[in-house]
Structures are given as structure tokens and as C-alpha cells.
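Biologist: I have a structure on my screen and would like to go through its parts. Can you take me through it?

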Amino acid sequence: MQDAGPLLEMLRSICGDSAVLTGADMAGYASDWRDMFHGKPLCVLRPANTAEVAKSVVACVGAGVGIVPQGGNTGLAGGATPDDSGRQVVISLDRMTAIRRIDSIGMTVELEAGVILQTAKEAAAAENRLLPISLAAEGSARIGGLIATNAGGVDVLRYGMTRGLVLGLEVVLPDGQVLHRLRHLRKDNAGYDLKQLFIGSEGSLGIITAAVLRLVPLPRHRTTALISVPDIAAAVRLYARAQDDIGEALSAFELISGDGLALVATHMGQEAPVKGADWYLLIEAGSSLPGLRTAMETLMEAAFEEGWATDGVLAESEAQADGLWSLRESLTEAEGKAGGAIKHDLSVPIPEIADFLQETGKMLRSMVPEARLNIFGHLGDGNLHYNVMNVAKADSARVNTAVHDMVARYNGSISAEHGLGQYRTAEWARLATPPEHDLTHRIKRALDPMGVMNPGKVVPLHD
Ligand code: FAD
Ligand code: MLT
Ligand code: ZN
């Protein structure tokens, strides 16, 4: 930008001098946490309230610069990283951290977009309520980012994606208007459900400043098991049996590969307390009613009898359950320490997972024999993190394309939960149908005609 001075001055007058970061102070906001995406923002703005966000948006639009909303910056698709043009302003919500109200009877929480998930969960738990979003980044991810990505995680099986928890939203629109719909209502069919446009839109249609989320009763009991399984077909059969035996109390059914746990052992120093296998399942159930442990024991007995399990451990204490989860939650960090991966966040129909893995593995072995796989994910949602390691940079695009083509053949999704950001937008554009392109561009143009909101994210710039 030729002269950023007047805009910076205006933003300082709106938000205060200390809320406008430039130079080296922007470092933590200019790249993603994995250090894969790097940008050069014009400045980073840290407004304190919705009015400041709205005025800042108007100022940025007036100056013709792009706006990149940012929460905890834990996203895995580069959605919160600006480009390197020096013509984009990062608006971080990290100062808007008020939990305004918890209604333990109506089971709702109203909170600002910058509240960290773990903080919100702790506040809900103090009222004997659960905010049912669980992911390894919950100590850093913020409510606005979770809603903007429609985050998934390990509890989706029971509680659904973030979208299903959002009862009300406050959003600053690209023209500076504020859509204020912070209703604590479970039922509201008065017209179009406008908030849905912003959930999962990754900051491309507006800036979420506050939300009302649904809570559920905090389960008093949980039971957690780690099971070694011989193959994927056995894992899928065990999943069906778990649905029969544990029913709605089943909250997590996570798949981890033997290679993944080996990475955790090597790079994080954590060993699994079960015999080695090609695949492992981490299964959890939670309820306020007793009897869960018996149900899990029955499931495990059936698994051994049917030959679906070769070893297993049922956590005897909360600490042991946390230890089992730590293995699962360390996979991403271990993968990073081992040199990173071409990440795929795919979903395919659950009964077809075994065929998908076999066919894709065979294809990759013939394409890049030296590639190594770190496969894990939310088997109960049909969502696999199919991460391909040890691939030369020159081969990474064709590996990515080949995996996505296979996903398309299985009628799956190339982004089950992480979103498109800047990482997957071109692949979405390659695979989407003409009506999907058309509708996506019409929605973007209708809400953001100037194209100022997170340019190039989700909606391709040139299509
Ligand atoms: P950011 O990274 O800051 O932003 C993400 C996107 O949302 C960007 O496009 C940004 O522009 C937009 N955005 C942020 N705030 C706002 C706002 N207030 N208004 C409008 N747009 C906004 N994700 C899962 O779904 N499931 C998982 O299991 C999971 N596990 C993870 C584990 C680890 C170790 C890590 C590092 C990440 C994981 N993630 C997972 C990804 C990430 O945590 C989620 O995508 C999360 O929702 C991002 O929240 P955030 O506040 O960090 O958002
Ligand atoms: C997970 O399930 O742990 C996450 O989505 C993180 C990842 O894919 O690396
Ligand atoms: Zn995940």
C-alpha cells in the first residue's frame, strides 16, 4: 500500500494506540501455528468490543484493504493467515474474552468471540454443564474461530459439529452493519436462519463478535478404553457393535494407526499400554447414569470373542483416561516434529473406509514408494486425517490431487472439519460442480460485494 499512514491513524483513533500492532509485534499473528503459511499484514488490530470492530471494518473498506479475521490461530488450513501483499489487516478477536452469561436451566452460554474454548468449558463445568466441543487445540482455539470453521473434534459422534450448538450470533458485516441475533432460543423459525451463513464461512462473509451456544448436562461418569485391532474391517464391525451396546452414551470412537503411535513414542516419549498392532481404537462413553463401565466391558469381551481385538485396556482412573487421550492428542505435534505431512482431512461413508484405505494405500505405494502414512481420526464420523509423510516437495501436489480424486470417487469430502482456508480452496474449485461454484460466488457477492472479507479464502479469487 502506498501510504498506510492515514488508515493506521484512523484505526488508532478507533481502537487506541496499543491495539494497533505493526512491525515485529505482528509476528505471532502473521503466520499459522505450524509455520506453514506466512503473510505480511499491513497491521494487526485488536479491538475491545463490537463497536470498535464495526468502525474498523468501515475504515478498512474505505481504504480498500482486505480484512482477515483471526481467533486463536490454531486453524489447519491457513484461513487466518493474511497474504503477503501488505494490503490486508488482521483483525484479532483475542481481547474480546467476556463470558457474559451462563443459563444453567435453559442450558446456554453467551460469550464473546475471543473466549478460549477451554476457559468456556471450565466456566460451564462449574455450573455442572458441558460445552461439548473437544479438540487437542482447545487451550488456544477461540469461540469465533470454532464457529467460523464449524469445528469438529472428538465428540462429534455424540454432540454433532459446532453448527448444531450455535443458537445465536452477533456478526459484523462487510459494510459495517451489525447483525445482532443473540437469542437464547432452541426454536426459532422466523424467516431464513441467517446465522447459518456465517458458521463455517471461515471469515469470508463477516466477523463473528459474540455467540450463544447450547450446553448439555455434564456427564458424571466416563469410561475410556484403548483397544488394539487387527484391521480396519474389525474396527468398523466393533464400531457398529458399540452403537448397539453403548448407544447414545458413545461419545468418541477414534482410530489411530500403529505408525502414528510409533511417532508419538519416538517424538513425545509416550508409550501405549497395550500390545502393538496395526490399528488402535480409543473409545469413550459418558453419562450421568451408572452402568457405563459394564457396557464397555461387555463390548470389549465381544471384541475379543469375535477376533476384532488383540489387546485392550479400560482406564481405571481419570488420570489413566487422560493418559490414553494424551496419546491421541499428541499425534499432530509428533507428526510436526517428525517433519510434517501433506495433510488430508477427508470423510467417506463409514462402511467404505476399509476399501478406501486399501485402494488409496496401493495407489500411493506405486506413486511414491518412500511415502509414510500417519492416519488417524474420527472413525465414528467417517473422518480420517490421512497424512502423507516423507514426500519430496516436487511430488506433493500430485499426491494431494490423487488422494482427493480418490475421495471424490468414494463420494466423500476433501474437508470434513478443518475447512478450506487457503490450503484447500484450489482443490475445492477443481472438484466442485458448476452449480456449487455459481451459488458460492453468488452468496459471496451478495454479502461481500467489495470482496474485502478474507480475500482468497474459501471462495477462489479467480474462478
Ligand atoms: P483461527 O485459526 O484463528 O481461524 C480459523 C478460521 O476462522 C480463519 O479462516 C479465520 O479467518 C476465521 N475466524 C477466526 N475467528 C473469526 C471470527 N471471530 N469471525 C469470523 N471468522 C473468524 N479442528 C477440528 O475441526 N477438529 C479437530 O479435532 C481439531 N484438532 C486440532 C488439533 C490441533 C493440535 C490443532 C493445532 C488444531 C486442531 N483443529 C481441529 C483445527 C483448529 O483448532 C480449529 O479449526 C479451530 O476451530 C480454529 O479456531 P481458532 O480460534 O484457532 O481459529
Ligand atoms: C485431530 O483430529 O487431532 C485434528 O483434526 C488435528 C489434525 O488433523 O492434525
Ligand atoms: Zn480431527
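This is a predicted model: local features need pLDDT of at least 70, side-chain atom pairs count only at pLDDT 80 or more; totals for chains, interfaces and linings use all residues.

Biologist: Into which domains is the protein divided?

Modeller: The bounds come from an automatic or database domain assignment. They give domain 1 (5-92), domain 2 (99-217), domain 3 (221-333) and domain 4 (340-414).

Biologist: Which element gives the most to the side of domain 1 that touches domain 2?

Modeller: The centres of domain 1 and domain 2, taken over C-alpha atoms, are 22 Å apart. Across the boundary, 14 residues of domain 1 are in contact (C-beta atoms, placed from the backbone, within 7 Å) with 21 residues of domain 2. The top contributor, with 6 residues, is α3.

Biologist: How many charged residues does that side of domain 1 have?

Modeller: Ala, Val, Leu, Ile, Met, Phe, Trp, Tyr, Cys and Pro count as nonpolar, Asp, Glu, Lys and Arg as charged, and the others, Gly among them, as polar. The side of domain 1 that touches domain 2 has 8 nonpolar and 6 polar residues. The charged count is none.

Biologist: Which element supplies the largest share of the shell around ligand 1?

Modeller: The shell holds 37 residues (C-beta atom, placed from the backbone, within 6 Å of the ligand), and the closest are G71, G75, G79, G144 and G145. Domain 1 and domain 2 each give at least three residues to this shell. By element, β3, α5 (143-148) and β10 (207-214) each supply at least two. The largest share, 4 residues, is from α5.

Biologist: Which residues are around ligand 2?

Modeller: By class, this shell has 2 nonpolar, 3 polar and no charged residues. Its members are L76, A136, T332, G377 and H385.

Biologist: How do α7 and α12 run, roughly parallel or roughly antiparallel?

Modeller: Helix α7 (residues 232-246) packs on helix α12 (residues 353-367) with axes 9 Å apart, at an angle of about 160°. Axes are lines fitted to C-alpha atoms, for helices over the stretch in contact, and angles run from 0 to 180 degrees between N-to-C directions. Angles under 35 degrees count as roughly parallel, over 145 as roughly antiparallel, 65 to 115 as roughly perpendicular and the rest as oblique. So α7 and α12 are roughly antiparallel.

Biologist: What is the handedness of the crossing of α7 and α12?

Modeller: I232, A233 and V236 of α7 make the contact with I353, A354 and L357 of α12. By class, this contact has 6 nonpolar, no polar and no charged residues. A crossing is left-handed if the near helix is turned anticlockwise from the far one by less than a right angle, and right-handed if clockwise. The crossing of α7 and α12 is right-handed.

Biologist: Which residues of α13 meet α12?

Modeller: The axes of α12 and helix α13 (residues 393-409) come within 10 Å and cross at roughly 155°. This crossing is right-handed. From α12 come F356, E359, T360, M363, L364 and M367; from α13 come V399, A402, V403 and M406.

Terms used
Residues are numbered from 1 along each chain as its sequence is written. Chains are lettered from A and ligands numbered from 1 in the order in which they are written. Two residues are in contact if their C-beta atoms, placed from the backbone, lie within 7 Å.
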